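Dear colleague,

Please find below the structure that I am handing over to you, together with its sequence. My findings follow directly after it.

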Amino acid sequence: MIEKNWDDGVIYNIGFMAQIHLKNGEINQKEIHQTIVLPMTLSELEIKVLILEKFDHITEVTYVDELYSALILKN
């Protein structure tokens, strides 16, 4: 019954470096940490590629830590 309405997921803590464009024209690097829920089927490499593609101004993914298993509601 769970499979009908839910997909397996994983809660990750992910760190990445971003370029921050300042008003004076300077560009700073900032490390950002986010907790993100993703499908369980993704590899660490796929997660890194996803972060680089789906967030703007990201230069590097510094870590991907798996925290907990989760359920993701199906549409």
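A residue is called buried when its relative accessible area is under 20%, exposed when that area is over 50%, and partly exposed in between. Phe16 has a relative accessibility of 1%, and therefore counts as buried. Please keep in mind throughout that this is a predicted model.

The sheet

Three strands make up an open sheet, arranged in the order β2-β1-β3 with antiparallel pairing. Because β2 and β3 stand at the edges and each has a single partner strand, one side of each is left without a neighbour in the sheet. On average, neighbouring strands are turned by 15 degrees against each other when direction is ignored. The antiparallel pairing of β1 and β3 extends over 13 bridges.

Which elements supply the residues of the largest nonpolar core? This core has 12 residues, among them Val10, Tyr12, Ile14, Phe16, Ile36, Ile51 and Val64. At least two residues of the core come from each of β1 (6-21), β2 (27-39), α2 (44-54) and β3 (58-73). The largest share belongs to β1, which provides five residues.

Ile36 is one of the core residues. Apart from its neighbours within four places in sequence, Ile36 is in contact with Val10, Ile11, Tyr12, Ile14, Ile51 and Phe55.

Phe16 and its surroundings

Phe16, which is also a member of the core, is found in strand β1. Not counting residues up to four places away in sequence, Phe16 touches Lys30, Glu31, Ile32, Gln34, Ile51, Phe55, Ile58, Glu60, Val61 and Thr62. Phe16 and Thr62 are 46 residues apart along the chain, yet their C-alpha atoms are separated by 5.0 Å.

How many aromatic pairs does the count give? The count comes to one aromatic pair. Its partners are Phe16 and Phe55, whose ring centres are 5.2 Å apart and whose planes stand at 35 degrees, so the pair is tilted. This pair links distant parts of the chain, with Phe16 in strand β1 and Phe55 in the loop between α2 and β3, 39 residues apart. Whereas Phe16 is buried, Phe55 is partly exposed, with a relative accessible area of 33%.

Thr35 lies in strand β2. Is Thr35 buried or exposed? Thr35 has a relative accessible area of 52% and is therefore exposed. Leaving out residues up to four places away in sequence, Thr35 touches Ile11, Tyr12 and Asn13. Between Thr35 and Asn13 there are 4.5 Å in space, C-alpha to C-alpha, although the two are 22 residues apart in sequence.

The salt bridges

The count of salt bridges comes to two. One of them joins Lys74 and Asp7, whose closest N and O atoms are 3.7 Å apart. This pair connects distant parts of the chain, since Lys74 is in the segment after β3 and Asp7 is in strand β1, 67 residues apart. Lys74 is partly exposed at 33% relative accessibility, and Asp7 is also partly exposed, with a relative accessible area of 36%.

In the other salt bridge, the side chains of Lys48 and Glu44 meet at 3.6 Å, N to O. Both residues lie in helix α2, four residues apart, which is about one turn of the helix. Lys48 counts as partly exposed at 28% relative accessibility, and Glu44 is partly exposed with a relative accessible area of 44%.

Yours sincerely,
A colleague

Definitions and conventions. Residues are numbered from 1 along each chain as its sequence is written. This is a predicted model: local features need pLDDT of at least 70, side-chain atom pairs count only at pLDDT 80 or more; totals for chains, interfaces and linings use all residues. Side-chain values use heavy atoms; hydrogens and water are left out. A nonpolar core is a set of buried Ala, Val, Leu, Ile, Met, Phe, Trp, Tyr and Cys residues joined through side-chain atoms within 4.5 Å. Buried means under 20% relative accessible area, exposed over 50%, partly exposed in between (1.4 Å probe, protein chains only). Contact means heavy atoms within 4.5 Å. A salt bridge is a side-chain nitrogen of Lys or Arg within 4 Å of a carboxyl oxygen of Asp or Glu. Rings of Phe, Tyr and Trp (its six-membered ring) pair if their centres lie within 6.5 Å; planes under 30 degrees apart count as stacked, over 60 as edge-to-face and the rest as tilted. Two strands pair if DSSP finds at least two bridges between them. Axes are lines fitted to C-alpha atoms, for helices over the stretch in contact, and angles run from 0 to 180 degrees between N-to-C directions.
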